[in-house]
Amino acid sequence: MSYEPKILGFLCNWCAYTGADLAGTARMKYPSNIRIIRVMCSGRIDPTFVLKAFEEGADGVLMAGCHPPSDCHYQNGNFKAMRRYPLLKKLLSQLGIEEDRLRLEWISAAEGDKLVRVVNEMVDRLKELGPLGLSKSNVEPLEESETLNIDNPTEEENYVK
Amino acid sequence: MSNKEKLKIAFYWAASCGGCEVAVLDIDEAILKVIEIADIVFWPCAMDFKYSDVRAMEDGYIDVTFFNGAVRNSEQLEIAELLRRKSKIMVAFGSCSSSGGIPGLANFYSAKEIMDYAYLETPSTVNPNKTQPQVKSTVKEGEIEIPTFFGRVYSLDQVVDVDYYIPGCPPVPDQIVDAVLKLATEAPEKGHVFAGDKTLCDTCELEKHDKKIEKIYRPHEIIPEPGLCLLEQGIICMGPITRSGCGNRCINANMPCRGCFGISPNVIDGGAKFVSALASILDVAEEQAAEEITKSILDPAGTFYRFDLPKSLLHGNIRKIEEAIK
């Protein structure tokens, strides 16, 4: 079976989620790879959510909110998301997660087609990148196999699991 | 324990700098108070005890072990497990054993990268034979063995059961005395952290206004205005996510908080939370400008996770560590 990436989408209640709703009612097709969580505002998307998503097995995360400068229902929530995004991407790349796995998009309630395009693009890109595979890396009690033997650095059993 | 009997305490250092050991002596004459109620039964840094002395003890013989340093090699793991068996109470002492600390930053790299850099690549290294330490090597007297270097750094509670935490790099004297005296009289709830339960910002006395930062300064690039919030002046200060209880020593010296007391309760991941806190106060209204200011933050992960990388959500660059296996 071919690899199907898992995308977690945090969509703001007022624009992006309504946009996704529109895509649905208009019977536009988009891949089922995305699982959508509705949040009240893109400013509510705590970077912790994004890290937690990757930690629990997401291959990509989509943050979507209202178009700046003036669409935000709460006036400046989307600006908060916009400022967090580049810093969060830089942090993720240092933690070994490709920047393309996180995407921020402005999707209005009328842009169901944009949501479809963004999800399609993300799925294509994530298929290129391959599975993130972090979910197995949770810290578990140390095991014998998790040691590095510097004698034979190529021997798999001597490295971390 | 009966009141007449003295508390038996042990100290151990694993992957640490020795600063925690100095911090114990830093309590000055209060050490007399400690000696009054406690006997030291193991302290490799300061007193002549051998591992075999500890092995000879009955299980649970030691009342309290103060363990400082992270766990990076097989010797540290072995002694952590040994001391856990022999101790009624295990205390993670200092940032490294509580949350990985500075040694934990090594989790950005695989063990092989670290070994190659240390023994082959540093500019000051002259190593024409490319000699690297071997776990086992044969000399004319026979085979000798050194501890195995693990793939990543662990905090103490990731390898053994830990009862209490005394964070800090190093812990401050008042906090140490307070912890020892408390442990001698009553046992707090398991998992108790001997520090404040608010954020450092909550206890900080600097003047604060509505924050808007246009530019980020590294501490050496600016002389901060005394009495004014450092974050507000564009200096990265970890106060918003860091546990209080240190007495705001750095802040009082006009230096930003580096986060050595670990993340405050209710914060799940320090780095992510600080991205949120810092980005929210940046005074930029365009995507381009947000990217520009991000460029001036040179090492966000290293700065925001300075003392808790092994215990953060992603534990460091695990993929790189796993990549080295393949």
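Start by selecting strand β4 (residues 102–106) of chain A: 5 of its 5 residues are buried, meaning 20 or more other C-beta atoms, placed from the backbone, lie within 10 Å of their own. This is a predicted model, where local features need pLDDT of at least 70, side-chain atom pairs count only at pLDDT 80 or more, and totals for chains, interfaces and linings use all residues. Residues are numbered from 1 along each chain as its sequence is written, with chains lettered from A and ligands numbered from 1 in the order in which they are written. Strands are DSSP E runs of at least two residues, helices H or I runs of at least four, numbered from the N terminus.

Now show the side chains: A:Leu102, A:Leu104 and A:Trp106 point one way, A:Arg103 and A:Glu105 the other.

Look for A:Val61 opposite A:Leu102. Follow the chain from β3(A) through helix α3 (residues 77–94) to β4(A): the β-α-β crossover is right-handed, so with the strands pointing away from you the path from the first strand over the helix to the second runs clockwise.

Next, select α1(A), residues 16–25. Its buried residues include A:Tyr17 and A:Ala23, and they pack against β1, β2, β3 and α4 of chain A.

Finally, bring in chain B. The contact (C-beta atoms, placed from the backbone, within 7 Å) takes 51 residues from chain B and 36 from chain A. On the chain B side, α10(B) gives the largest share, 8 residues.

Methods: Buried ≥ 20, exposed ≤ 12 C-beta atoms within 10 Å, placed from the backbone. Contact = placed C-beta atoms within 7 Å. Pairing = 2+ DSSP bridges.
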